[in-house]
Amino acid sequence: MSALPVSVVTGFLGSGKTTLLSRLLRDPALARTAVIVNEFGEVGLDHLLVEASDEEVVLLEGGCLCCKVRGDLVRTAGHLLARRARGDAAFDRIVVETTGLADPAPILQALMTDREIAHALRLESVIATVDCAAGDATLDAHPASVKQAALADRIVLTKTDLADSSALAERLRRLNPSAPQLVALHGKVDARRLFDGSPYDRPLYNSESHAESGVTTFCLRRSAPLHAVTLSLFLQVLAEHCGAKLLRLKGLVDVVESPGRPALIHGVQHVFHPPAWLDAWPDDDRSTRIVVIAQGLEAGWLQDLIEVLDDEVTACSIS
Amino acid sequence: MSSHKTARVARVLSGALRVWGVSASVELDSEGLVMRTPSGATLKITPAVPNGWLVLRDACTLGTHAGLPGLLRSLREELAPEAAGGRLIIGAQSLL
């Protein structure tokens, strides 16, 4: 059975997540979508507002999705998958709506790693809504909103009828240059542009470095292939020493032991997918390209780290 | 080890110190690298034979490491024991 796509809709309080979802769920392209929403507080307002989700909405009780009810998220997703397997629920996609205060990273990690659900799911997209009226102030005042936008695969600008979006859009481009931006007026946006593949389709592979709101985005490049052991050690060092500073990493790696078949890698903080081996390079560029979105990490340091590790692995291979 | 490669290791160690929030310095010397902390402690890091690194504090050997990952772990435990150390987790979910 093929893995079911799962997307995460995040965004700060009042940024229009529920309005967006409410409209999206009326789109025929998303007709067979199960939604997991979360409430923050006594009343599940978000739940009440998601009109088109019917019985497929499962409300997580008890607080912020990221820090308190990850187990509930996993259990809820597991229940949904079990109902689908029994034929009690018909859906082809799951969308998780986070709370406005949520750090999406632990949610992604739970979806990627939990043994009950991870094998049945495929992370499709992380969508962040940003309110054009209050977005600048929110990014200034709330680190969680910066992280939400930085981790996104797609950014949806909302409330563009209330404020000029151009400066905020540029700021978001510096914060997350690889995320396409879409405009949603009263939640209206083309669903196919939000859910059109995997987050690994289009990482930005240019050499330009960006810095915004304490988040840096850069691309590590290497023309010579890396040993597989070097790649493994590099990821281990990142996970061990950088932890939460590494927000997201996506890349194509030319591996010595796998000529012509690059490794696709993707991680959120210290949690990584197993590398996937492509049948061929997607374009004429055969160099290793690793896009890093981080807080407080320097491109030069990571580039030197790769070189030193590969020098050591090469020396061990020769001696 | 060539001076070029030793200088690159020095940059990696300097960068690691910044990541851990430690304000020590890293200098090259004739035998390898010297790390000086604000408290006055001096760590000497020299290439081991045939591969790896030897770490000395004054005349005492703190450890021998087969490669950079072990060296970094040892230095973090010595200089920044409060810095959070993580571990790599490979998930169960396929990328494609």
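Visitor: Which residues of α1(A) are buried?
Guide: The buried residues of α1(A) are K17(A), T18(A), L20(A), L21(A), R23(A) and L24(A), where a residue is buried if 20 or more other C-beta atoms lie within 10 Å of its own, exposed if 12 or fewer, and partly exposed in between, with C-beta atoms placed from the backbone. Helix α1 of chain A covers residues 17–24, and because six of its eight residues are buried, the helix is largely enclosed by the rest of the structure. Helices (H or I, at least four residues) and strands (E, at least two) are DSSP runs, numbered from the N terminus.

Visitor: Before we go on, what kind of model is this, and how is it numbered?
Guide: This is a predicted model, in which local features need pLDDT of at least 70 and side-chain atom pairs count only at pLDDT 80 or more, while totals for chains, interfaces and linings use all residues. Residues are numbered from 1 along each chain as its sequence is written, and chains are lettered from A and ligands numbered from 1 in the order in which they are written.

Visitor: OK, how many helices and strands does chain A have?
Guide: Chain A has 10 helices and 14 strands, and 48% of its 319 residues count as buried. Among its contacts between residues at least 6 apart in sequence, 75% join residues at least 24 apart, a contact being two residues whose C-beta atoms, placed from the backbone, lie within 7 Å.

Visitor: Switching to the interface: how many residues of chain B are in contact with chain A?
Guide: On the chain B side there are 29 residues, in contact with 41 residues of chain A. The elements of chain B that give two or more residues to this side are α1 (3–20), α2 (68–79) and β6 (89–90), and α1(B) gives the most, with eight residues. By class, this side of chain B has 15 nonpolar, eight polar and six charged residues, with Ala, Val, Leu, Ile, Met, Phe, Trp, Tyr, Cys and Pro counted as nonpolar, Asp, Glu, Lys and Arg as charged, and the others, Gly among them, as polar.

Visitor: At what angle do α9(A) and α2(B) pack?
Guide: Helix α9 of chain A (residues 228–241) and α2(B) pack at an angle of about 10°, with their axes 10 Å apart. Axes here are lines fitted to C-alpha atoms, for helices over the stretch in contact, and angles run from 0 to 180 degrees between N-to-C directions. That angle makes α9(A) roughly parallel to α2(B), since angles under 35 degrees count as roughly parallel, over 145 as roughly antiparallel, 65 to 115 as roughly perpendicular and the rest as oblique.

Visitor: Which residues meet there?
Guide: From α9(A), L233(A), Q236(A), V237(A), E240(A) and H241(A) meet P69(B), L72(B), R73(B) and R76(B) of α2(B). These residues divide into four nonpolar, two polar and three charged.

Visitor: In what sense do β12(A) and β6(B) pair?
Guide: Strand β12 of chain A (residues 271–272) and β6(B) pair in the parallel sense over two bridges, and two strands pair if DSSP finds at least two bridges between them. I89(B) in β6(B) is the bridge partner of V271(A).

Visitor: What is the strand order of the open sheet in chain B?
Guide: The order of this five-stranded open sheet is β1-β2-β3-β4-β5, with antiparallel pairing. Its edge strands are β1 (25–29) and β5 (60–65) of chain B, each of which pairs on one side only, and the twist averages 20° from one strand to the next. Helix α2(B) packs on the sheet, touching β4 and β5 of chain B, and its direction makes about 145° with that of β5(B).

Visitor: Which peptide bond is cis?
Guide: The bond from V49(B) to P50(B) is cis, with omega near 0°, and P50(B) lies in the loop between β3 and β4 of chain B.

Visitor: What is phi at H186(A)?
Guide: Phi of H186(A) is positive, about 55°, although H186(A) is not a glycine. H186(A) is found in the loop between β7 and α8 (191–194) of chain A, and it counts as partly exposed, with 14 C-beta neighbours inside 10 Å.
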